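Here is a short note for someone opening this entry for the first time. Please keep the sequence and the 3D view side by side while reading.

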Amino acid sequence: QQEIDKRKMATYEGGCFCGAVKVKATGEPLEMGYCHCKNCSRWSGGGVNPFVLWKQSAVEVSGGDLIKFDKNGGSQNLADWDQGPVPSHDAVACGRLGGAGAGFSERWACAKCGGSVLDNHRFLPKATLESFGGPIYDVFAPILPTFPFKANLHINYASRMFNMEDGLPKFADFPPPFRGT
């Protein structure tokens, strides 16, 4: 019981490549795993992206400016960002609907060094967000150096660049709560 209580109160701190943007995540994440979609591979600079999903209320970002990147090369400074209305899930090209992961995420990076910081998965289906207890962030796992990352699954495995034989469940796209198969 004491170990569980410690994990619920644990704090993990890190930041972007240059250190300008600071990130603090508190408690236990909602889920951890590996994403193999082409977008995450490009974003992370590797063949697989280790993801850690947190409730937004558990993540604090401070320090330097963040820039939002979209798939078409556009960017927007966090200070100028107008979230606007969230489109319906069916209006967003994501998962099986048109390119793995393409529309689930707003990707945020340090404005100074360009280092990946987090994804805001605000375009997930409403039922999925509700199952997580509200809005979530995907904090780029390597920026939290003391966090004990332990993947539970693979998503978008059909897009993989290489096989990973680790005994974890592998989903061609997403698990069923994410409208996957």
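1. Burial and model type. Buried residues account for 46% of the 181 residues in the protein chain. Please bear in mind that this is a predicted model. The accessible surface of the protein chain comes to about 9,500 Å². Carbon and sulfur atoms hold 52% of that surface.

2. Elements. The protein chain has three helices and eleven strands. Read from the N terminus, the elements run α-β-β-β-α-β-β-β-β-β-β-α-β-β.

3. The three-stranded sheet. What is the strand order in the open sheet of three strands? The order is β1-β2-β5, and the pairing is antiparallel. Strands β1 and β5 (59-63) stand at the edges. Each has a single partner strand, so one side of each is left without a neighbour in the sheet. On average, neighbouring strands of this sheet are turned by 20° against each other, direction ignored. Strand β2 (residues 21-26) pairs with β5 over five bridges, in the antiparallel sense. Within this region, Lys 24 stands opposite Glu 60 in β5.

4. Tyr 12 and Phe 147. Aromatic pairs deserve a look; the count comes to four. In one of them, the ring centres of Tyr 12 and Phe 147 are 5.0 Å apart. Their planes stand at 90°, so the pair is edge-to-face. The pair links distant parts of the chain, 135 residues apart. Tyr 12 sits in strand β1 (residues 11-15), while Phe 147 is in the loop between β10 (136-140) and β11 (154-155). Are these two residues buried or exposed? Tyr 12 is buried, with a relative accessible area of 11%. Phe 147 is buried too, at 10% relative accessibility. Ring pairs also bring in Trp 54: Tyr 12, Trp 54 and Phe 147 are linked into a cluster.

5. Tyr 34 and Phe 149. Another aromatic pair is formed by Tyr 34 and Phe 149. Their centres are 5.5 Å apart, with 65° between the planes, and the pair is edge-to-face. Tyr 34 lies in strand β3 (residues 31-35), and Phe 149 lies in the loop between β10 and β11. The two are 115 residues apart in sequence, so the pair ties together separate parts of the chain. Tyr 34 has a relative accessible area of 19% and is buried, because the cut-off for buried is under 20%. Phe 149 counts as partly exposed, at 26% relative accessibility.

6. A charge over a ring. Lys 170 lies over the face of Tyr 157. The distance from the ring centre is 5.6 Å.

7. A backbone angle to check. Where is Asn 156 found? Asn 156 is in the segment after β11. Its phi is near 55°, a positive value in a residue other than glycine. At 1% relative accessibility, Asn 156 counts as buried.

How values were computed: Residues numbered from 1 in each chain as written. Predicted model: local features only at pLDDT ≥ 70, side-chain atom pairs only at ≥ 80, totals over all residues. Heavy atoms only, no water. Phe/Tyr/Trp six-rings, centres within 6.5 Å; stacked < 30°, edge-to-face > 60°. Helix = DSSP H or I, 4+ residues; strand = E, 2+ residues; numbered from the N terminus. Buried < 20%, exposed > 50% of the residue type's maximum accessible area, 1.4 Å probe, protein only. Lys NZ or Arg CZ within 6 Å of the ring centre and 35° of its normal. Pairing = 2+ DSSP bridges. Axes fitted to C-alpha atoms, helices over the stretch in contact; angles between N-to-C directions. Areas by Shrake-Rupley, 256 points an atom, 1.4 Å probe, with all protein chains shown as cover.
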